Amino acid sequence: MARLLIIGSLEGELGAAARVAIARGAKLGHAEGVAAGLERLRGEGADLALVDLRHDVVWLVQALAAERIACPVVACGRAEDADAAVRAIESGARDFLPLPPDADLIIAMLEAAGATREADAPLARDAAMTTLMARAATLARAEASVLLTGESGTGKEVMARHLHALSKRARGPFVALNCAALPETLLESELFGHEKGAFSGAIATRKGKFEQAEGGTLLLDEIGEMDPRLQAKILRVIQEREVDRLGGGAPLKVDVRIIAATHRDLAAEVAAGRFREDLYFRLNVVALRIPPLRERPADILPLAEHFCARYAQVNGLPPRPLSPLARHLLLAHAWPGNVRELENAIHRAVLLAEGPEIGPEAIELARPATPPPVATPTPTPEAPAAAPAPGGKVASLVGRKVEEVERELILETLSHCLGNRTRAAEILGISIRTLRNKLGEYRSAGIAVPPAPGQAPPPSPLQIAV
């Protein structure tokens, strides 16, 4: 269940925002002020915090940064509060929610923060998935660690939540952490928590994700991106069933089931020396590989129809069926982005479609660009070799340094992914650590780097008011 913290009075317009979130299945927490809200975030944590601009949002954001608490903050207020909203976003708040709240905007913010996810079991009609679901149901009630593998977008977190729902720990919390989304120092504090005085800014004790998941399940997503030093600490938690807070004097016992997920081949990572073998064997007690969508074609249309109904309801539109031509188009696509790509394509189609059904003209599919072949005719005395046309791909590369071309490729890919470091690293075929190192070099050289999601430059007051 998603964890939403609202800071401010629930009697006014923030109460309406709370009702929308609860209707989406969120677990609501409430604090009257930012000091009380910070105290709650040190304890049980939250996936997202909505903060009334009548409170000191800037102070809260700065306090979270100082204490290494990674919780996205959304400032909430009326259009006339634009100046205060700009200050909040400049300090590090993720977004601004105009009041009175718009239901679709709240849902979008929750989804962007990763705070709303499919609550139902993974949809399975294809034989490959029904076999997998039967095995998952058998293993769910065990206490052993589970390793979920599969390409990005196949639904590893949905499967993790399903395993938790079927387990003996279903009444306990489900806590998820993306290991690739945070730098090492922040990730360590998120995982293990810290004691007061553990580092500059640690003015109070804070529980980490292991403690927050007590009696429940902890999902370590993209664990293949974790630094080896933290891998060793995770191994100790699994072996000893206890966690050491940063700056702590004694270990604390924890009762948590761990599910790890990765799109990488961890066995190959072990062979390459990038992942600890002992941790791999500890996590790989039970392994479930979620097949890519192209290997489960019988799931494409049922998933598409499911997303059609969902996004029609979310956007207040009448449900419309897929036309035969649209269905054919969906079945013919390779879906390199898997279920996530299908969901996004259907969401767009629901919004773009006109008429009583969704036709192929409303379905926009991203296809990988295939560069045209470059002809290289053999030169002869009578016919010298022709130079590439000005402005062509070859002409644009000849004479340039390799590092310059690499930098352009990395930055363009990052822009294409809207700043998402994990997705860009996947497309480029490099590790998230390598990408971060490259971006650090570019910043040091004074080169602009696309911001990560939630770190976009602050909008103007006019944009916020709109």
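Modeller: Helices (H or I, at least four residues) and strands (E, at least two) are DSSP runs, numbered from the N terminus. The model is predicted.

Colleague: Which strand holds Asp221?

Modeller: Strand S8 covers residues 217-221. Asp221 falls in that range, which places the residue in S8.

Colleague: Which side chain of opposite charge is nearest to Asp221, and how far away?

Modeller: Asp221 is buried yet has no salt bridge. A salt bridge needs a Lys or Arg side-chain nitrogen within 4 Å of a carboxyl oxygen of Asp or Glu.

Colleague: Which residues does Asp221 touch, not counting residues up to four places away in sequence?

Modeller: Set aside the residues up to four places away in sequence. Asp221 then touches Glu157, Leu177, Asn178, Cys179, Ala180 and Ala261.

Colleague: Which residues have the most contacts inside the largest nonpolar core?

Modeller: The largest nonpolar core has 31 residues. The residues with the most contacts inside this core are Leu191 and Ile234.

Colleague: Which element supplies the largest share of this core?

Modeller: Several elements each supply at least two residues, including strand S7 (174-178), helix H8 (184-192), strand S11 (257-262) and helix H10 (228-240). The largest share is 5 residues, and it comes from H10.

Colleague: Which residues does Ile234 contact, leaving aside neighbours within four places in sequence?

Modeller: Neighbours within four places in sequence are left out. What remains for Ile234 is Leu191, Phe192, Phe210, Leu220, Met226 and Leu279.

Colleague: How many residues are in the second, separate core?

Modeller: This second core is separate, and its members include Val339, Ala349, Ile358 and Ile363. Its count of residues is 25.

Colleague: How many residues of H8 are buried?

Modeller: The buried set is Leu186, Leu187, Glu188, Ser189, Glu190, Leu191 and Phe192. Their cover includes S7, helix H9 (209-212), S8, H10 and strand S9 (242-243). H8 is largely enclosed by the rest of the structure, because its buried count out of 9 residues is 7.

Colleague: What is the phi of Gly193?

Modeller: Gly193 follows H8. Its phi is positive, near 75°.

Colleague: Is Cys308 buried or exposed?

Modeller: Cys308 sits in helix H13, residues 300-314. The cut-off for buried is under 20% relative accessible area. Cys308 has 7% relative accessibility, so it counts as buried.

Colleague: How far apart in space are Cys308 and Ile346, C-alpha to C-alpha?

Modeller: Cys308 contacts Arg320, Leu322, Ile346, Val350 and Ile358, leaving aside neighbours within four places in sequence. Cys308 and Ile346 are 38 residues apart in sequence. In space, their C-alpha separation is 6.2 Å.

Colleague: Is Thr138 buried or exposed?

Modeller: Thr138 is in helix H6, residues 127-139. Exposed needs over 50% relative accessible area. Thr138 has 63% relative accessibility, so it counts as exposed.

Colleague: Which are the edge strands of the open sheet of 5 strands?

Modeller: The strand order is S2-S1-S3-S4-S5, with parallel pairing. An edge strand here pairs on one side only. That picks out strand S2 (27-31) and strand S5 (95-98).

Colleague: What is the bridge partner of Leu4 in S3?

Modeller: Strand S1 (residues 3-7) and strand S3 (residues 48-52) run parallel and are joined by 4 bridges. In S3, the partner of Leu4 is Leu48.

Methods
Residues are numbered from 1 along each chain as its sequence is written. This is a predicted model: local features need pLDDT of at least 70, side-chain atom pairs count only at pLDDT 80 or more; totals for chains, interfaces and linings use all residues. Side-chain values use heavy atoms; hydrogens and water are left out. Buried means under 20% relative accessible area, exposed over 50%, partly exposed in between (1.4 Å probe, protein chains only). Lys and Arg count as positive and Asp and Glu as negative; His and the chain ends are not counted. Contact means heavy atoms within 4.5 Å. A nonpolar core is a set of buried Ala, Val, Leu, Ile, Met, Phe, Trp, Tyr and Cys residues joined through side-chain atoms within 4.5 Å. Two strands pair if DSSP finds at least two bridges between them.
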